[in-house]
Structures are given as structure tokens and as C-alpha cells.
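This report covers strand pairing, salt bridges and charged surface patches. The sequence and structure come first.

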Amino acid sequence: MKMAPKPFSLSSLSSLTPFPLPNHKQNITRIRIRKPEVITCTQSWTEPEGTGAAAPTRGDMFIQRQQSVSALEAVKAATKKKKSKKEKLMKFSTLAPSCYGCGAPLQTSEIDAPGYVDKETYDLKKKHHQLRTILCGRCQLLSHGHMITAVGGNGGYSGGKQFVSAEELREKLSHLRHEKALVVKLVDIVDFNGSFLARVRDLAGANPIILVVTKVDLLPKETDLNCVGDWVVESTTKKKLNVLSVHLTSSKSLVGIAGVVSEIQKEKKGRDVYILGSANVGKSAFINALLKMMSYKDPVAAAARKYKPIQSAVPGTTLGPIPIDAFLGSGKMYDTPGVHLHHRQAAVVHSEDLPALAPRSRLRAQVFPNSQLALDEQMTYQVQSSGLTGFSIFWGGLVRMDVLKVLPETCLTFYGPKALQIHMVPTEEADEFYHRELGILLTPPTGKEKADGWMGLETKRHLQLKYDNIERPACDVAISGLGWVSVEPVGISLKQSGRIIEETVGELDLAVHVPKPVEIFVRPPMPVGKAGAEWYDYRELTETEEEVRPKWYF
């Protein structure tokens, strides 16, 4: 049985086709064809219209939905990238224009302030778009050996409008903890504890760290760097930092620099690289050595060497983050202001005495007692009978160590700058000797004028040092910003003589005097010199420790 046809109407036909019906009195030019609407990216998805044969299939609906979601994600990513770029530009807006030597903003008004450039030079460089190539007046003086501090409260100055505070320098690094960056943290081997930056997480955040130990060329001759590397890793592991690797380096001889370059290129992954460290740890010298090593294969690094940061013994040489185009592709290297630590000796001495705190050649052990001391008969007899007990040893005008009770065979070995002379007197005469000879024999401070305004050795710390093995030093007593004293219960010469020592376990009593803010650290002895390699023991590690423990390189 045939079905009756459905009634035919114009309305049903118009739903199927946009063209006019034949014989219909309508001008084709008057037909309005709806323009396709632009699909905007929103989180809601509208199902496409259409019925009958024009209705979309499920596959069409799925594809259109996916296209809409993909477009939305693309818009979000573009917005995020634009926002990130804008924030970065805002962050470093204070760096432009700045002195390429110290990072201080350029200015033409205050001649005594950092960043000063004469108006004529500034205008000429600005006209030719060369402000990035300007070295400020202070950096020009520093490059010629002048000692000009710019950090208030450091180097013997109380501060002023021409100085930058240590807090301001820290604030310039505050953004780093919120960035994705690679941090290269520098530590001075001569002042390992004083320059370590215990609160480095406040600056670096969760970013990975490459630990670089500088100035290893200053360690005594015949030092085994394998022992020193293991000692550094042991000390670092206790601080629970996210350290990728440890590198023993010398910016002067380029020892270990190639390993740092390789590690940076491996771990950078398009991120910026920040060089962090305390003041005068050798950041600028390290960057210059790094650029020199990279320039052999990288033309970008070779070009960056033309405008490298200024090096100086003055705390606060670098006053702002200095961007350096050192890599092909994305990511820059930043030389950052040194973090000023109030507990180091450099924070209390006058700027003219700062060079005396910086060792310029290999450290030479100064052992007490020794046969070369010019002692009178009474002191000579006392040393031979009871050793150092009852004596006080002055390390320049900065440290006094009273030997309260030790073995007759006990030796104290001083490692530090040669410019600081060491003098030994009976403890009952120590106060008078210090006041009489401060600024003359006991320097720094240098000169009676500076000695009269010197704060003195206001901090006294009593140390009771236990030992259970006379074959190795009991510990090191490290003075922040200066060096360290190795405390040996029995001196090497007496061990080699075959003399029988009865007390193999005991306690040594010392009292150490330093200026008020300076810190004293008691640590495991650093294995330096030929003897260090003989007594140092490598700790046995578990499998888990082997996996997570950073490796050392040199």
C-alpha cells in the first residue's frame, strides 16, 4: 500500500536550500546569505545547528569540540607568554641603562655616587645608542687599583647618600626565588664557612644549584683535591641543599672551569643563569674565566668579553644585576651583587686594610710552637715543659687565641693571608701587649689613628674541643672572613719521632677573641697539604647515599 505524499510548502523547501524556487517572483540579488559567525574561544561549547541531512554527525561534533578546546588553549598560552614577557621587562627595567662594570644605574648629577658619568659623555653615548658600553667613574677608579667602597656600614664607613645598603643589594635579588633559573653558587675555599650563605634558599628558592668552590690554587702545596672535594661534599650534604654537582676551581689558572661550562650547558635548558655568592667571593673573576673558556667555541661569549664586569677587592664592587649575553639561543647570564655578611672580617676593617685580608699566593702553614720563634729563656723553658698552655697568640689585630689547657705536644697551625703577622706572648701580658702594639705590630687596623677608633676584640668564645684520635687534627677553628686554625692534639714532628703519647683521648681548652660581629666556626678539619691526604678517611656510603650525593669535579 502506497503512502500518501506529504503536502508540499515553500517553507519546507526553504529549509532545504537557500536558492529561490522557480517561477517565484524574487530577484536573486536581493537574497541575503548569512555570513558564517566567527567562533570565539570560550569554555562552553554550543552544539552546531542543523537537522535532517544537514545535521552533523557525532564525529563532526567531536572534531569541532576539539578544535574549540585547542583554540582556547592556544589563546591562554599566548596570553601567559605575553604576561610573562611583560613582567620580565618590568623586572629589569631598572637595569637599563646601567654601568656594565658594576650594574649601578647611570646618572649625571652626583659625582661621588656609583654610576656617575659626565653629562657630555652620557649625551654622546645616548645619541649613538651606546649607553650599554659606558663604564662609570667609580669603576674606572677601581680598575686602576683604587679602594672605593659603596656599601654603607662596610669597609669602615657609616654610610650616606652615596652608599647602597646591604639590604638594598639583597632586595635586588629577591625576584630570583620566583623564577625558573639555574643558580651557580660560589664559595671561597679559604673562607668556606664564612662565605657559604647559609640562607641561600631565601635567594635561590627551589632552583637547582651548581656549587663552585673558588681559589683552590691558594691551598698549600701537595694538597689532594680528591680529599678536599669529598670534604666539601660532606659539609654541603649536611646543609640539605638541592646541589647538582660540586666543582673545585681557580679563576686564575682556569682549573675546573671547563667542567663548570659543561655542567651549565647541560643543565641550563633555556633558563637564565645567575651567579650568586657573598661579597668578594670572586664572582666577577669567575665570570671572566667562564667567558674566556666559552669564547673558544662560542662567538657570543667571545663578544661578551669586551664588556665584562669589574674585579676588585672592595666589598660591593657589583651594585646591581649585570645581564651578559653569553649563550647562543635563549637565556642570559647574570652577575649579581655580592651578598654582604655582617659576620665577616671585611665588614669591620677599614677599606684601606681590605687587601690585607685577601691572600695573593698559596697559603703557607704557620705552626706554633716552632723553633724559629724569638723567645726569651723563660718563655722557651715554659714552651718546652708545658707546651702552649698559658700563652696567647695574636693574628694581626683581628684575632686573639688564649691557650687555656692543651697537651704539651699540641700544635696550632694557622692558614690565612701572609700580610697578617702572628705574635705569641704570655697570657698575663696579652692585654697590655694588645693596647701597646695595636696599629704598629698588630695590624690591621693600620696606624695609630685607625687604632684609636678601633672597636677592639669584644667577642670572647670559650671552646672545649674533644679528641679521640691523635693521628689526625681534632678540628678546625675557622674565623669568618679570614682563614682557619688547625688544632692538632699531637704535632706531626712528635708523631714521627716515635715518642709514646699516653693521652689518646681528651679535651683541649681555648678562648678565642674577635671583633663583635665576627663569627667563629668549629668544623671537621680540612685535609690540606701532604699530611691531609694521609690522615683523611673517606666515609663509607650506602647505596641510597651514592645515588643522591652530588659528585665533585676539578
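A residue counts as buried under 20% relative accessible area, as exposed over 50%, and as partly exposed in between (1.4 Å probe, protein chains only). The model is predicted: local features need pLDDT of at least 70, side-chain atom pairs count only at pLDDT 80 or more, and totals for chains, interfaces and linings use all residues. Residues are numbered from 1 along each chain as its sequence is written, and side-chain values use heavy atoms, with hydrogens and water left out.

**Strands**

Helices (H or I, at least four residues) and strands (E, at least two) are DSSP runs numbered from the N terminus. Two strands are said to pair if DSSP finds at least two bridges between them.

Strand β9 (residues 399-405) is largely enclosed by the rest of the structure, because five of its seven residues are buried. Four bridges pair β9 with strand β8 (residues 391-395) in the antiparallel sense; in this pairing, I393 has M401 of β9 as its bridge partner. The hairpin of β8 and β9 has three residues between the strands, and G396 there takes a positive phi near 60 degrees. Strand β9 is also joined to strand β15 (residues 506-514), antiparallel, by five bridges. M401 takes part here as well, with V512 as its bridge partner in β15.

Strand β8 pairs with β11 too, over five bridges in the antiparallel sense, and S392 stands opposite V425 in β11. Four of the five residues of β11 are buried, so β11 is largely enclosed by the rest of the structure.

**Salt bridges**

A salt bridge is a side-chain nitrogen of Lys or Arg within 4 Å of a carboxyl oxygen of Asp or Glu. The structure holds 14 of them.

| Pair | N to O distance |
|---|---|
| K215 and D188 | 3.2 Å |
| R400 and D431 | 2.6 Å |
| D476 and R523 | 3.4 Å |

K215 forms a salt bridge with D188. K215 lies in the loop between β2 (209-214) and α7 (225-237) and D188 in strand β1, so the pair ties together parts that are 27 residues apart in sequence. K215 is partly exposed at 25% relative accessible area, whereas D188 is buried at 7%.

R400 and D431 meet in a salt bridge. This pair links strand β9, which holds R400, to helix α13, which holds D431, 31 residues apart. R400 is buried at 10% relative accessibility, while D431 is partly exposed at 48%.

D476 and R523 also meet in a salt bridge. D476 is in strand β13 (residues 475-479) and R523 in strand β16 (residues 520-523), 47 residues apart. Both residues of this pair are buried.

Elsewhere, D230, E234, R539, E545 and R549 are linked in a network of salt bridges.

**Charged patches**

Patches are made of residues with over 30% relative accessible area and no salt bridge, like charges being joined within 9 Å. Lys and Arg count as positive, Asp and Glu as negative.

D376, E377, E428 and E429 form a negative surface patch. Of these, E428 is placed in the loop between β11 (422-426) and α13 (430-437) and is exposed, at 67% relative accessible area. A positive surface patch consists of K221, R362, R364 and K418. K418 lies in the loop between β10 (411-415) and β11 and is partly exposed at 39% relative accessibility.

Conventions:
Patch = residues over 30% accessible without salt bridge, like charges linked within 9 Å, V, L, I, M, F, W, Y side chains within 5 Å. Areas by Shrake-Rupley, 256 points an atom, 1.4 Å probe, with all protein chains shown as cover. Charge placed at Lys NZ, Arg CZ, Asp CG, Glu CD.
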